[in-house]
Amino acid sequence: MNRFTYVRPVTVADAVAAKAGAPAGRFIAGGTNLVDLMKSDVERPPRLIDIGRVPGMDAVTALPDGGLRIGALVTNARVAYDRQIAAAYPLLAEAILAGASAQLRNAATTGGNLLQRTRCHYFYDPSMPCNKRTRGAGCAAIGGVTRMHAILGASEHCIATHPSDMCVALAALEAVVQVSGPHGARAIPMAEFHRLPGDRPDLDTTLGADEMVTSVDLPAARFTTHTAYMKLRDRASYAFAIVSVAAALRLRDGRIEEARLALGGVAQKPWRRPEAEEALRGRAPDEATFDRAADILLDGARGQGDNDFKIGLARAVLLRALAQAAAGGSDAQGGHARA
Amino acid sequence: MRTPVQFRHNGTEAAVFADGGESLLTVLRERVGDTAPKYGCGQGTCGACTVLIDGAPHLACLTLAETVQGREVTTAGGLKDGAALHPLQTAFMSHFAAQCGYCTPGMLMAAKALLDRSPRPTREEVVEAIAGNVCRCTGYEPIINAILAAAQMPGPHRY
């Protein structure tokens, strides 16, 4: 691990100023990903700005529009077990509990989960070329072992995936990320927060280098009963998704009134296509309808060899998650989906 | 850069100088002298270093020492009360829940956090609570049974 200086600002403004004074520095809160990356020499920040105790960012509060604000420092465990969230946004609670372990969820924060880096093994190994680690270095994953890699939205420069479960649910729920920088605050919708790699895979998000995440806002709850988060992984706990699906439906008179669908484990961001959701609207929740939505969501999917199976798997999980959501969510099927 | 760090350690005050980047695990083992938490993978995968910070299980290997300033850190070394073992320790012994023993201090702390929160857990809750703790000897069954047994034991300890 490199040497670094350590500062602990006590306000958002101080934190932002500390970052402006050391652009290569990193904010640290739970540290579950950053410390890991520092130990692997993937991250070598000259300064750590510990925002873990900045007041005002560690609460879940009601918003005037009926939504909820989750402070950037609220841990994943607290979000998952928060009563308001469990009641109004069960999809989010379920997604978080499908990820990591109790120890990690106790330390990892909402802001940190948004900003976690890919788990691509080549990214984690500094002896391998990686465009995400070093711009223009090349990609060792392409043509390498690609079982965990992207089938959607990849580029010739990077085929990594985003590993978060929480973000897949936040994308489906159309959460909004609130950020602060030297020029003030702004809001970034989840759909625009994470980037596809293109020719700049070194940039994971649209967050400015001088900005920090202060909260995540959930809009007023619209999907409380017919939701499902289904995650397929190599073992039933503590593993990253091979494919995951967040499905949320609103049903009326046997028809789908509104739908949200997001895929995890398949791209460098939670994968949504509003057209797929539109294709569900007004239809009966049956397999033919779900199949059409899957066609649209998976349009353009392309494997890298080892991960070709993900295309068929993603379709199967989509159909199952939609059927489960239509049947009344995960609880109707006896607890968390563990496939 | 060396940073002074003070925290509660198993009920007493600890004050050390930590090197920048030093983990809580290194500080506990090498500066405080508590070798109960173990170094396994060093990257948050195995759970052998699990300690409680303010009552919740955390991975000491991924926790920078500076960040526990003023916090309460509890390790397996702080479980027993004088000479009296904690019910979890007794149950681990009677159920042969330790073989090589390397995962045991982390398992105990993950289990303690569970019982503190949920004194009568279901088997499924126990399995979930130790999902972040790897054991390569026992096949987990004796550990799960020990935790369930400890939950039924009377004892001086408040979970």
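**Cores of chain A and the sheet of chain B**

In this predicted model, I51(A) is in contact with P9(A), A15(A), F27(A), I28(A), A29(A), M57(A), L73(A) and M212(A), once its neighbours within four places in sequence are left aside. I51(A) also belongs to the largest nonpolar core, which has 49 residues. The points below take up the cores and then the sheet of chain B.

**Nonpolar cores**

- Within the largest nonpolar core, the residues that touch the most other members are I51(A), L92(A), L114(A), L170(A) and L218(A).
- The element that gives the most to this core is helix α8 of chain A, spanning residues 166–172, which supplies 7 residues.
- Domain 1 (5–50) and domain 2 (226–338) of chain A each contribute at least three residues to this core.
- Another core, made of 32 residues, lies apart from it and includes M230(A), V243(A), V266(A) and V317(A).

**The sheet of chain B**

- In chain B, 5 strands form an open sheet with mixed pairing, arranged in the order β2-β1-β5-β3-β4.
- Because β2 (12–19) and β4 (56–59) of chain B stand at the edges and each has a single partner strand, one side of each is left without a neighbour in the sheet.
- From one strand to the next, the twist averages 45°.
- Strands β1 (residues 2–9) and β5 (residues 72–74) of chain B pair in the parallel sense over 2 bridges, and H9(B) stands opposite V73(B) in β5(B).

**Helices on the sheet**

- Helix α1 of chain B (residues 24–32) lies across β1, β2, β3 (50–53) and β5 of chain B, and runs at about 110° to β2(B).
- Helix α3 of chain B (residues 104–117) packs on the sheet by touching β3, β4 and β5 of chain B, with its direction making about 35° with that of β3(B).

Technical notes. Residues are numbered from 1 along each chain as its sequence is written. Chains are lettered from A and ligands numbered from 1 in the order in which they are written. This is a predicted model: local features need pLDDT of at least 70, side-chain atom pairs count only at pLDDT 80 or more; totals for chains, interfaces and linings use all residues. Side-chain values use heavy atoms; hydrogens and water are left out. A nonpolar core is a set of buried Ala, Val, Leu, Ile, Met, Phe, Trp, Tyr and Cys residues joined through side-chain atoms within 4.5 Å. Buried means under 20% relative accessible area, exposed over 50%, partly exposed in between (1.4 Å probe, protein chains only). Helices (H or I, at least four residues) and strands (E, at least two) are DSSP runs, numbered from the N terminus. Domain bounds come from an automatic or database domain assignment. Contact means heavy atoms within 4.5 Å. Two strands pair if DSSP finds at least two bridges between them. Axes are lines fitted to C-alpha atoms, for helices over the stretch in contact, and angles run from 0 to 180 degrees between N-to-C directions.
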